[in-house]
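Welcome, and please have a look at the model below.

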Amino acid sequence: MSSCSTPSYSSDVAIAYEYTLEAVESVLRHLLQSVQAVMFKLEVLDSRLSSISEIAVHNEKEEVLGHLWTYLGGNRSKLSLFEYNLKVLDSVDQYRKASLAYVEMVFHTLEGMQTSVEQTRRVATGALLVEPVSMETVLDMIARGAQSLKMSNSRRIAVASRDTA
């Protein structure tokens with residue numbers, strides 16, 4: 001065991017020591033590079049998470065502030081505009097209903113006129129076949145038909161105006 005002090009043994013130990021230190025240093029450098037790469041990736045991830053968090057907080061904050069602003073009356077102009085547009089749509093609906101009632105009234109009036117014309121034609125045709133009718137009788141029939149049309153038209157107008165009111 002006294003041979004430990006020999007120069008060759010000391011140089012072998014020194015070489016092994018140097019070799020081991022170089023291996024440890026190489027592994028440490030590789031580990032440091034890996035750790036730096038992981039740290040960089042974590043910084044990128046942290047930055048992205050921070051951006052996402054800021055966006056989420058900002059959106060939540062905007063939503064809460066929007067609700068608060070509306071509650072405090074800050075959106076009165078927008079709400080007023082929405083209410084005005086709703087009233088316009090309601091009035092358009094009322095005009096549509098009134099127009100429909102008017103068109104229905106005109107339709108029924110025209111149907112009544114068509115019926116009256118057909119009846120007048122039947123009466124006139126039948127009268128012509130039986131015996132000649134005096135001019136006074138024809139004028140009287142026309143006057144009665146016109147009076148009947150006026151009365152039925154007046155009733156339809158009254159019904160239509162009552163329905164639209």
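Asp140 is partly exposed, at 34% relative accessible area, where buried stands for under 20%, exposed for over 50% and partly exposed for what lies in between (1.4 Å probe, protein chains only). This is a predicted model, in which local features need pLDDT of at least 70 and side-chain atom pairs count only at pLDDT 80 or more, while totals for chains, interfaces and linings use all residues. Residues are numbered from 1 along each chain as its sequence is written, and side-chain values use heavy atoms, with hydrogens and water left out.

What does Arg144 form with Asp140? The two make a salt bridge, with 2.5 Å between the closest N and O atoms; the term asks for a side-chain nitrogen of Lys or Arg within 4 Å of a carboxyl oxygen of Asp or Glu. A search of the whole structure turns up 1 such bridge. Both residues sit in helix H3 (residues 135-164), 4 residues apart, or about one turn of the helix. Here are the two partners side by side:

| Residue | Relative accessible area | Class |
|---|---|---|
| Asp140 | 34% | partly exposed |
| Arg144 | 57% | exposed |

Next, the surface patch. Val38, Leu42, Leu45, Leu49 and Ile52 form a nonpolar patch with about 470 Å² of accessible area together. Patch members have over 30% relative accessible area and no salt bridge; like charges are joined within 9 Å, and nonpolar side chains (Val, Leu, Ile, Met, Phe, Trp, Tyr) within 5 Å. Leu42 belongs to helix H1 (residues 7-71).

Finally, the chain overall: it has 3 helices and 0 strands, with helices (H or I, at least four residues) and strands (E, at least two) taken as DSSP runs numbered from the N terminus. Buried residues account for 5% of its 165 residues.

How values were computed: Accessible areas come from the Shrake-Rupley method with a 1.4 Å probe; for residues, only the protein chains shown count as cover.
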